[in-house]
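Biologist: Could you take me through this model slowly, giving the general idea behind each feature before the case at hand?

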Protein chains: 2
Amino acid sequence: MSPRVLALCGGVGGAKLALGLARRLPPGALAVLVNTGDDFTHLGLHVSPDVDTVLYTLAGLANQTQGWGLEGESWAFMTALARLGGEDWFRLGDADLATHVERTRRLAAGETLTHITAAFAAALGVNQTILPMSDDPVRTMLETEMGTLAFQDYFVRHRAAPRVRAIRYDGAATARPSARALAALASPELELVVICPSNPWLSVAPLLSMPALRAALDATRAPVVAVSPLIAGQAVKGPTAKLMAELGLAVNAATVADYYGGLLDGYVLDEADAALAPTVARRGCAVELAATLMTDLPTREALAAHVLAFGARLASG
Amino acid sequence: MSPRVLALCGGVGGAKLALGLARRLPPGALAVLVNTGDDFTHLGLHVSPDVDTVLYTLAGLANQTQGWGLEGESWAFMTALARLGGEDWFRLGDADLATHVERTRRLAAGETLTHITAAFAAALGVNQTILPMSDDPVRTMLETEMGTLAFQDYFVRHRAAPRVRAIRYDGAATARPSARALAALASPELELVVICPSNPWLSVAPLLSMPALRAALDATRAPVVAVSPLIAGQAVKGPTAKLMAELGLAVNAATVADYYGGLLDGYVLDEADAALAPTVARRGCAVELAATLMTDLPTREALAAHVLAFGARLASG
């Protein structure tokens, strides 16, 4: 079944809206295309942080407090690993570890990340389609004051503290995007593309850096709508604002709209940023004001409903 | 430092005596040479069940009730793995998993099993030397009524139920035995070799099947003493008696002494098997009667003391 809505997202922030969309749409109507630029091999295991965040969120298993990992997680593995002198800067919970071990085993057996993700989603009762952006490796690398850092080194080991000078997406130029995403974008069934409020440079850019995916997004008949990840110049969570400043960008929601540029048919600004609406609109993009802060399930669903309605207006307009 | 006592063992039964010996000897005086014929790759992880049993036992971390794994172990990983549809016939505890993940990572980085085991033992505060029998793969394979089974398939997945027709030790003919064990056997410092009451065919035979180790055991100046794994024709735990019957052997402690044959200078029979003493002695092997059932720490230490005294008498006699 071809999806009616395709959501592009990274980890925590994006997954919140993906869950809202999942709850507002019938089973099977939503596909989520997820960043894999943060994927890395740790302790010999293939870890796909954003895919897992979306998987756990849509399965209703995500930890609501810490923003990553599983609810009710235990840490006996990490404690024992530290006792043996192993690396413990990236914390893998006991239950979460099953995902990484089983995925690594299946990848080694020749299965694709796409196939494995679909199997895990089915096993966890997820009714939506979760698509890794590519089965080929794309790796987000940051040029920082400490030298070149792989994403998790930057984000987790160094807590996003080093100043960033530039970001590149190794492998993106040749990686083949998700075939199912390309098919969805070309399908007349598709009604809306949503760019979730994930970090544009760290979580969405890896997707857009794949030329074939970028071209398919440019060509799709469905409206493309992004939701601002900034509210009044602040990120809800994570280093978006800090990173923008380091990259020499004006830290506000209009800059994000500029970054997505001609890709967008519509842009959802937080109500707190109403003053930016004329600036964005002048660039030819329809603007919608909404309450974008998602603090619980009702606010996720409300924002999703708002985005879906905005998309429907754009499609018919 | 060259060890004074070298103990050969497999898993649970042998590790009990190894712990008794460790507690009766000064730090550094004991080396334990451990079967790796049960090692296997499971879920992409290198699992060394007997090495881990000895490691955990000497570290004081072993589960006293179930006979394998860690005390106070938790099972969140296995539960999550089963939820994902992964293989759950071989149970890996959350803390135990750290050993397998870290070992697999270090093996992939080019370290030897010997080196990794020494590092783990040091990290866990073990004062004795734990030596995997070889860094080369040796794999115990069973010809059964169900066809050829790898050891863990036979032992864990099928609970040692299939009738065994023959056993082979793939790789043993060319595997290089532990260099430190060979050096110990050639050293004038060595006072005693103890073959622990492990299953002779499943746990000790893989060691003896390596020609260079067998030759070094034949040539060592130190007395070689085995402790019977059978008491009144019964194994304390595990399939030894069943297996002997399937192989067409008389199920008693004298058969085990026959199996070790010319390798032995002394044999420790349980007091319940006093009637077998003349049979064993007739074949030119010194016999000692002892209480061989190890139900707790004092009985392990008492048997160890008994074996050490027997060895000292043989060395001076």
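**A covered strand and its neighbours**

Modeller: A residue is buried if 20 or more other C-beta atoms, placed from the backbone, lie within 10 Å of its own, exposed if 12 or fewer do, and partly exposed in between. This is a predicted model, in which local features need pLDDT of at least 70 and side-chain atom pairs count only at pLDDT 80 or more, whereas totals for chains, interfaces and linings use all residues. Residues are numbered from 1 along each chain as its sequence is written, with chains lettered from A and ligands numbered from 1 in the order in which they are written.

Biologist: How many residues of strand β2 of chain A are buried?

Modeller: Helices (H or I, at least four residues) and strands (E, at least two) are DSSP runs, numbered from the N terminus. In strand β2 (residues 30-34) of chain A, five of the five residues are buried, so the strand is largely enclosed by the rest of the structure.

Biologist: Which strands pair with β2(A), and how do they run?

Modeller: Two strands pair if DSSP finds at least two bridges between them. Strand β1 (residues 5-9) of chain A runs parallel to β2(A) and is joined to it by five bridges, with A:L33 as the bridge partner of A:L8. The chain passes from β1(A) to β2(A) through helix α1 (residues 12-24) of chain A, in a right-handed β-α-β crossover; right-handed here says that, with the strands pointing away from the viewer, the path from the first strand over the helix to the second runs clockwise. Strand β5 (residues 129-132) of chain A also runs parallel to β2(A), through four bridges, and A:I130 is the bridge partner of A:V32.

Biologist: What share of chain A counts as buried?

Modeller: Of its 317 residues, 52% count as buried, and the chain holds 13 helices and 14 strands.

Biologist: Which elements of chain A supply the side that touches chain B?

Modeller: Two residues are in contact if their C-beta atoms, placed from the backbone, lie within 7 Å. The contact takes 26 residues from chain A and 26 residues from chain B. On the side of chain A that touches chain B, α3 (76-83), α4 (94-108) and α5 (113-123) of chain A each supply at least two residues, and the largest share, ten residues, comes from α4(A).
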